[in-house]
Amino acid sequence: MPGSKSIRKGEKYMSENQGKLYLCATPIGNLEDITMRVLRVLQEVDLIAAEDTRNSIRLLNHFDIHTPLTSYHEYNKIEKAYVLIEEMKKGKDIALITDAGTPGISDPGEDLVRLCYENGVEVTSLPGACACVTALTLSGLSTRRFCFEAFLPSDKKEKQEVLEELKDETRTIVIYEAPHRLVRTLKELLETLGDRRMTVLRELTKKHETAFTTTLSEAVAYYEAEAPRGECVLVLEGRSRQQMKEESQAAWKEMDIEEHMQKYLDQGMDKKEAMKQVAKDRGVGKRDVYRELVDRDKA
């Protein structure tokens, strides 16, 4: 735009007269969870892009917001993104909302954010409700470290690959699931990850919110008898580092100690280093390894 100033943001120059993308978190159930900042921005922007306009119009009507609405969803996410970006380059401010929760978390918003950065459009995020964090804090499991898988892949091969990756995950695991797939997913998790503690959370922030602390095997039995209702968040305990260490040591102890030593000697280690590594593998002292090898030689 003639006479407009430009400011440096990352790799792109952005005109001060350009609009901005606002990622606005909306309630995941309880309408009181919307923030005052989000309400103000939704009223002030030029356009609201929504995952499902039929769902979002009810939210906007509830708060008496009459900002124009347009659709932005999985099936038009790339083509529509460029349309929205052009509007922001012309100076329009646009708010992005999802059906529930924070845009960009397990929805097409992440593509719009990426394309905005690639095209020099500024983005800001207005924090608020998020099912992942809400479920994690309600689960009763460790919250210090966690991994978020959202919905598992629909492709059978890809899903199995993800489950195999999760088998030795030591962090708490958070997964989203629809009620009609819940039992199948629980069975697949049990088969691949083994039985472990978990919490099934439903209807978060709503009147009938539940946090069902259980195990994978118990959850399978329960939901086979009791049909699940509502979107679910599964929070699973990560594998114990101590258990993994003990299993590894047990596996090494099945190998003859001389064969174990020879494995490292064949890799070019000297005898002292090989003995040290064997002791570490087996969870014993270096003197114990030395004593057993000497006893073997005497025998």
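Analyst: In strand β6, I94 is the bridge partner of L21, and I94 is likewise the β6 partner of L47. The model is predicted, so local features need pLDDT of at least 70 and side-chain atom pairs count only at pLDDT 80 or more, whereas totals for chains, interfaces and linings use all residues. Residues are numbered from 1 along each chain as its sequence is written, and side-chain values use heavy atoms, with hydrogens and water left out.

Strand β6 covers residues 94-97, strands being DSSP runs of E with at least two residues and helices runs of H or I with at least four, numbered from the N terminus. With strand β3 (residues 20-24), β6 pairs in the parallel sense over three bridges, pairing requiring at least two DSSP bridges between two strands. Strand β4 (residues 47-50) also runs parallel to β6, and four bridges join them. Both faces of β6 are covered, since I94 and L96 on one side and A95 and I97 on the other are all buried (under 20% relative accessible area; exposed is over 50% and partly exposed lies in between, with a 1.4 Å probe and protein chains only).

In the loop that leads from β6 to α4 (109-118) lies S106, which has a positive phi of about 60° although it is not a glycine. S106 is partly exposed, because its relative accessible area is 37%.

Turning to the charged contacts, a search of the whole structure finds 16 salt bridges, each a side-chain nitrogen of Lys or Arg within 4 Å of a carboxyl oxygen of Asp or Glu. One of them joins the side chains of E87 and K92 at 3.1 Å, N to O, and K92 is partly exposed, with a relative accessible area of 36%. Another joins K159 and E188 at 3.2 Å, N to O; this pair links distant parts of the chain, with K159 in helix α6 and E188 in helix α7 (residues 182-193), 29 residues apart. Because its relative accessibility is 9%, K159 counts as buried.

R197 and E237 also form a salt bridge, their closest N and O atoms being 2.9 Å apart, and this pair likewise links distant parts of the chain, R197 in strand β10 and E237 in the loop between β12 (232-236) and α9 (241-253), 40 residues apart. R197 is partly exposed at 45% relative accessible area, and E237 is partly exposed at 27%. Elsewhere, salt bridges that share partners join E74, K77, D111, R114 and E118 into one network.
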